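Me: Please walk me through this structure in short questions and answers.

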Amino acid sequence: MPELPEVETIRRDLDRELSGRVIERVVSEGARSIRRHDPVEFVCRLLGRTVVTVDRRGKYLVFHLDEGALVIHLGMSGQLLLASPELSLARHTHVVLGFSGDRDLRFVDPRTFGEAFVSGPELGELSRLGVDPLSVVSASQLGSMLAARTTKLKPLLMDQHFLAGIGNIYSDEILFTAHLRYDRSAATLTPTEVRRLYRAMVSILEAGIEHRGSSLSDEQYRDVFGVTGSHQNHHQVYAREGKPCRRCHQPIIRVKLGGRSTFLCPRCQPAILRDFGSSR
DNA sequence: ACGCCCGCCTGTAAGC
DNA sequence: TGCTTACAGGCGGGCG
């Protein structure tokens, strides 16, 4: 499922490929994918508009237009693909934007958890998102954000109103790298642990972007050219149940948290407080 | 106000 | 082999 590194990879490519181009054609087949709009209204608000820049807020892509903005969330299985207009449409193609210069942008989404909508300059619910994890400037800033929170670490990292962009995969990877358990209460972290968490968060997300995202066997992530990412080859814990920890060789375990899978190393991420030193 | 769980979806894979 | 069932989970909303 696309999280910050995947959405950022898509954003960078789309900003380069589509900025300055005009939306000349809009085809919308999937009513559920544009559920906030009447289909005719959706088309009217996009036709003739020019893409100024492509931005990202958390996991949302924001296409700033000369009038208003197109917002797309990829949900669980959404893909945005650049293609020639003459290529046949893949199954589950819900929206096609035809751009100047004979370029299609196609929104493909089998599970239809994703959506596209046109917004005014206020961007609605996006204004309520938390800060971007890569905009947190220091460990001490993260520490003050965590200080008042009694929530378990993992649900907090995944709370889009707290930090915007981290999902199930990257939260597990970040917590492993920080040697912290998913169920530690956020406010109980020592300054050393906060610093480990801060460094892990930044380094894991940057590595994910560097590797153009994570593509797992059972999921759909592709970049706009249809190419898979490679960060899954660097995963330490996610989807590695039973496999040896890359750091200590103890088998990785899976637990359920809120009905969702959480992967961790029971030795590297102990329940009791342990000092792993200040390195890393 | 917060934590938890459900419903929305389809494709894949495990299990009988 | 073929069918059924479980699972994957982001997010909004409802409930306690």
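**Salt bridges and the DNA surface**

Reply: The side chains of Asp 104 and Arg 106 meet in a salt bridge, 3.2 Å from N to O. A salt bridge is a side-chain nitrogen of Lys or Arg within 4 Å of a carboxyl oxygen of Asp or Glu. This is a predicted model: local features need pLDDT of at least 70, side-chain atom pairs count only at pLDDT 80 or more, and totals for chains, interfaces and linings use all residues. Residues are numbered from 1 along each chain as its sequence is written, chains are lettered from A and ligands numbered from 1 in the order in which they are written, and side-chain values use heavy atoms, without hydrogens and water.

Me: Is Glu 17 buried or exposed?

Reply: Buried means under 20% relative accessible area, exposed over 50%, and partly exposed in between (1.4 Å probe, protein chains only). Glu 17 has 18% relative accessibility, so Glu 17 counts as buried.

Me: Which residue forms a salt bridge with Glu 17?

Reply: The closest N and O atoms of the pair are 2.4 Å apart. The partner of Glu 17 is Arg 103.

Me: How many salt bridges does the structure hold?

Reply: One of them joins the side chains of Arg 56 and Glu 8 at 2.8 Å, N to O. Both Arg 56 and Glu 8 are buried. The structure's total is 18.

Me: How far is a phosphate oxygen of DNA strand C from an N or O atom in the side chain of His 73?

Reply: His 73 is among the residues that come nearest to DNA strand C. The distance from the His 73 side-chain atom to the phosphate oxygen is 2.5 Å.

Key. A residue is near a molecule or strand if one of its heavy atoms lies within 4 Å of it. A polar contact is a pair of N or O atoms within 3.5 Å; within protein, one must be able to donate a hydrogen and the other to accept it, and residues adjacent in sequence count only if both atoms are side-chain atoms.
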